[in-house]
Amino acid sequence: MMDKGFNFKNSYIDLPDIFYTLVSPSKVPDPKLVILNNKLIEELGLKLDELQCEDGLAILSGNKAPKGAVTLAQAYAGHQFGNFTMLGDGRAILLGEHVTDEGNRFDIQLKGSGRTPYSRGGDGKASLGPMIREYIISEAMNGIGIPTVRSLSVVTTGEEVYRETRLPGAVLTRVASSHIRVGTFQYARGLNDIQDLKALADYTLERHYKDGIKEKNPYVYLLKEVIKKQATLISKWQLVGFIHGVMNTDNMTISGETIDYGPCAFMDTYNPETVFSSIDKYGRYSYENQPSMAEWDLARFAETLLPLLHDDMNEAIKIAQEAVSEFHNLYTKQWLSGMRKKLGLFNEEEADKNLIEGLLTIMKKYSADYTNTFRALTINKYEDTEIIDKEDFNQWINLWKERQSRQDEKEEAVLNLMKNNNPAVIPRNHRVEEALDYAVNKGDYSVLEKLLEVLSEPYSYSKEQEEYRAVKTKVNYRTFCGT
Ligand code: AMP
Ligand code: MG
């Protein structure tokens, strides 16, 4: 049953009923295409020409379910800023799991397609600006090489949604290796039925961590692997200055992909205390807190698994604590290794950590731009930094050059390593705002398309990327949850 190239095999419905509710997307009056991800369509083996036509838009707007789809909303819970709440897909509906010719399975989900039993007071809808924003940032993250959910399309619905003002409604089609969250496990554990919890854990192993099934205790394996995946993910965020903004447990995936692009943004000026989200009043999810907050979320995940880790609760707690305490080491190791690459270092020396911290201290002291400083170091254009005339920066460069001389690799290899680890462009906040303004207020998608193109290959150091490195941070730039 192929429709537009979709090959739906729906496994989530085999979980106990409590994990989802079958529900159809709401009909919308006048779907119009804003953006379609041609490359992703190709990667998934979908049919571009068919998705572009009226019938395709009907699917991407929720007006028509493609053949083979069994549409549903997933149940989950979560700690939001530390408080436990029952949640679930309140404005997202899963169309189904698309299985590619290579056998890879992807959730295809509509976001903003109307109310579900988990909507609580919300309307289940989304407005155009936040959906384009998610599209831009998620695709930029993918370009950088950070595990993330992807964006397939944005369509406007032809109806208005009511927020502080009236805004054009839109539906984003999101692609993920799954939408199983730490919050899904919290939901299962909260139900107090060990069989349901086990069903979810077994399903997750089968879908994401198959190698664990043959282990003596597959659930210990699951816990450790998720911790590893998250340590990798968070180190990648830190290395490029990505601030997620709302690292609640419902926004942490078991697959290790970045999800929930609400109030996220990239840091311009290097300052570990940076927070963009308007609702994060106490800086819980600031840049510097991200690793420890991830560890906190993973501790909540470990708690959900306790009954499966060992028959003896004390033993189970010991296993969980040991696994979670590994996060810090795993994270630090990968961060350090990533930083070495950013500085063109192939071998390891004990003092590298000091060298790295020396640079960060200088960047903080002079409010240097994080991305542009590494870019300038990469291409030897120190004049492109705002700290070129600072004595301590120049001293640091000498130390760094000396350090580089203590390795065998030639200049060209160093340049390549640095180019491949220091994005020349990131989605600068003012550029994202500009693209949104043109798209939402003027109906002009060309600025958006150009931005997406530039962001798709951040390591190319192309001529056209030059103008996108300019910084224009509004004082106290604020982001909002895209409801
Ligand atoms: P988020 O802040 O996007 O992580 O969402 C937190 C919870 O609120 C999730 O259960 C969402 O599905 C739900 N939610 C967010 N926006 C809406 C909306 N407009 N209508 C219904 N539910 C929503
Ligand atoms: Mg969420």
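## Domains and basis of the model

The centres of domain 1 and domain 2, taken over C-alpha atoms, are 42 Å apart. Domain 1 covers 8–181 and domain 2 covers 345–419, with bounds from an automatic or database domain assignment.

This is a predicted model, in which local features need pLDDT of at least 70, side-chain atom pairs count only at pLDDT 80 or more, and totals for chains, interfaces and linings use all residues. Residues are numbered from 1 along each chain as its sequence is written, chains are lettered from A and ligands numbered from 1 in the order in which they are written, and side-chain values use heavy atoms, with hydrogens and water left out.

## Ligand 1

Ligand 1 is surrounded by 18 residues, the closest being Gly88, Gly90, Arg120, Gly124 and Asp260; a residue counts here if one of its heavy atoms lies within 4 Å. By class, this shell has 8 charged, 8 polar and 2 nonpolar residues. Asp, Glu, Lys and Arg count as charged, Ala, Val, Leu, Ile, Met, Phe, Trp, Tyr, Cys and Pro as nonpolar, and the others, Gly among them, as polar.

An N or O atom in the side chain of Asp123 is 3.1 Å from a nitrogen atom of ligand 1. A polar backbone atom of Lys125 is 3.4 Å from a nitrogen atom of the ligand, and a polar side-chain atom of Asp260 lies 2.9 Å from a ligand oxygen atom. The pairs are N or O atoms within 3.5 Å. Taken alone, ligand 1 exposes 480 Å², and the protein buries 88% of that (Shrake-Rupley method, 1.4 Å probe).

Asn251 and Asp260 are both buried, meaning under 20% relative accessible area, with exposed over 50% and partly exposed in between (1.4 Å probe, protein chains only).

Technical notes: A polar contact is a pair of N or O atoms within 3.5 Å; within protein, one must be able to donate a hydrogen and the other to accept it, and residues adjacent in sequence count only if both atoms are side-chain atoms.
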